[in-house]
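Please go through the structure below with the text that follows.

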Amino acid sequence: MDYENKLVLAPMVRVGTLPFRLLAAQYGADITYGEEIIDHKMIKCERRINEHVGAVDFVEKGTDNVVFRTCSLEKNQVVFQMGTSNAVRALSAAQLVCQDVAAIDINMGCPKSFSISGGMGAALLKKPDLIHDDTVELARRIETTGVSALAVHGRRVADRPRDPAKWSEIADVVAALSVPVIANGDIFEYEDFHHIKVATGASSVMVARGALWNASIFSEDGKLPWEEVKREYVRKSILWDNDIKSTKHTLKEMIMHYSCLELPEGKAVIKSDTLADLAKLYGEEKYNQFVQEKRLFDGSR
């Protein structure tokens with residue numbers, strides 16, 4: 001994968017599933033990260049072709065629980081992000097999925113307790129046998145392992161989203177490395193992609209919240225109305241039979257940024273039990289019916 005001059009969708013738990021990744025790509029994202037998946041969970045999966053929706057599923061053995069879903073449309077741009085604290089286990093998980101994705105990423109930055117308590121995410125930054133105290137020295141050491149690129153979020157573990165991203169410190173990492181650096185932090189408008197590249201010298205730029213709130217941030221023609229983007233996300237969720245909990249979580253995050261969950265729309269999303277319920281809420285009943293009928297027709301051939 002080429003990491004030069006790319007716009008990148010960041011990994012987001014319960015958000016970065018197939019429909020949202022394809023939504024971001026539709027609006028201009030060059031590289032799309034999936035949500036972090038723990039290696040323990042992945043190695044318990046088996047690969048299945050899902051002819052029902054035209055996807056490749058990694059399903060927990062003995063169940064119908066889809067842990068990771070992808071498709072041929074994104075094969076050259078999707079990055080599988082893994083949470084791990086063990087190199088051997090990480091390799092096993094990577095080998096299972098590597099033929100269906102463009103790249104594998106190891107999460108070394110998640111500050112959430114579920115990651116740190118398992119020795120994953122930002123916990124990897126505290127292991128003396130793996131890193132040095134200084135961020136630049138850490139980046140240099142990671143580079144020597146043979147990575148193709150390094151994504152750097154300009155915040156420390158204790159920082160919160162309201163704290164300004166430290167672009168100047170990302171610049172220090174960029175200056176020390178020869179591999180492409182993907183800069184991440186405080187990207188909310190299309191113009192910010194250019195601003196952070198100038199400020200840091202990074203090769204590419206990654207965005208999380210700015211894309212969650214309106215995935216058309218990747219469009220050089222400017223953002224579309226969020227209502228339009230939201231409905232397109234619902235359509236893609238229907239088309240790819242997305243998990244209802246993931247779909248509702250993503251919609252609620254969008255709504256909370258622009259509105260309030262206590263208003264009728266928010267309450268209706270919370271009460272929705274199926275994708276059909278969401279289709280009715282957002283006026284996509286005909287589209288949902290078309291998709292279901294097409295699946296029945298394709299399955300009967």
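M256 is partly exposed at 44% relative accessibility, where buried means under 20% relative accessible area, exposed over 50% and partly exposed in between (1.4 Å probe, protein chains only). M256 sits in helix α10; helices (H or I, at least four residues) and strands (E, at least two) are DSSP runs, numbered from the N terminus. Between M256 and K286 there are 30 residues in sequence and 27 Å in space, C-alpha to C-alpha.

This is a predicted model, in which local features need pLDDT of at least 70 and side-chain atom pairs count only at pLDDT 80 or more, while totals for chains, interfaces and linings use all residues. Residues are numbered from 1 along each chain as its sequence is written, and side-chain values use heavy atoms, with hydrogens and water left out.

Helix α10 also holds H249, which is buried at 16% relative accessibility. Leaving aside residues up to four places away in sequence, H249 touches V13, R14 and V15, contact being heavy atoms within 4.5 Å. R14 belongs to the loop between β1 (7-9) and α1 and is partly exposed, with a relative accessible area of 45%. R14 is not a glycine, yet its phi is positive, about 65 degrees. D241 is another non-glycine residue with a positive phi, near 50 degrees. D241 is found in the loop between α9 (226-239) and α10 (244-258), and with a relative accessible area of 35% D241 is partly exposed.

The protein is divided into domain 1 (6-213) and domain 2 (226-299), with bounds from an automatic or database domain assignment. The domain centres, taken over C-alpha atoms, are 26 Å apart. In contact are 20 residues of domain 1 and 18 residues of domain 2. The two domains bury about 1700 Å² between them, 65% of it from carbon and sulfur atoms; buried area is the accessible area (1.4 Å probe) that two parts lose on being put together, summed over both. In domain 1, R14, P19 and W213 lose the most area to domain 2, together 33% of what that side buries.

How many salt bridges cross this interface? The rule finds 0, a salt bridge being a side-chain nitrogen of Lys or Arg within 4 Å of a carboxyl oxygen of Asp or Glu.

Side chains of opposite charge can pair when their charged atoms come close. By the rule the count comes to 18 salt bridges. One of them joins D39 and R89, with the closest N and O atoms 3.0 Å apart. D39 lies in helix α2 (residues 39-42) and R89 in helix α3 (residues 87-97), so this pair ties together parts 50 residues apart in sequence. D39 is buried, with a relative accessible area of 0%, and R89 is buried at 18%.

R69 and D57 also meet in a salt bridge, 2.6 Å from N to O. R69 is in strand β6 (residues 66-70) and D57 in strand β5 (residues 55-60), so the pair ties together parts 12 residues apart in sequence. R69 counts as buried at 14% relative accessibility, as does D57 at 4%.

A further salt bridge links E265 and K230 at 2.5 Å, N to O. E265 lies in helix α11 (residues 264-271) and K230 in helix α9, 35 residues apart. E265 is partly exposed at 21% relative accessible area, whereas K230 is buried at 0%.
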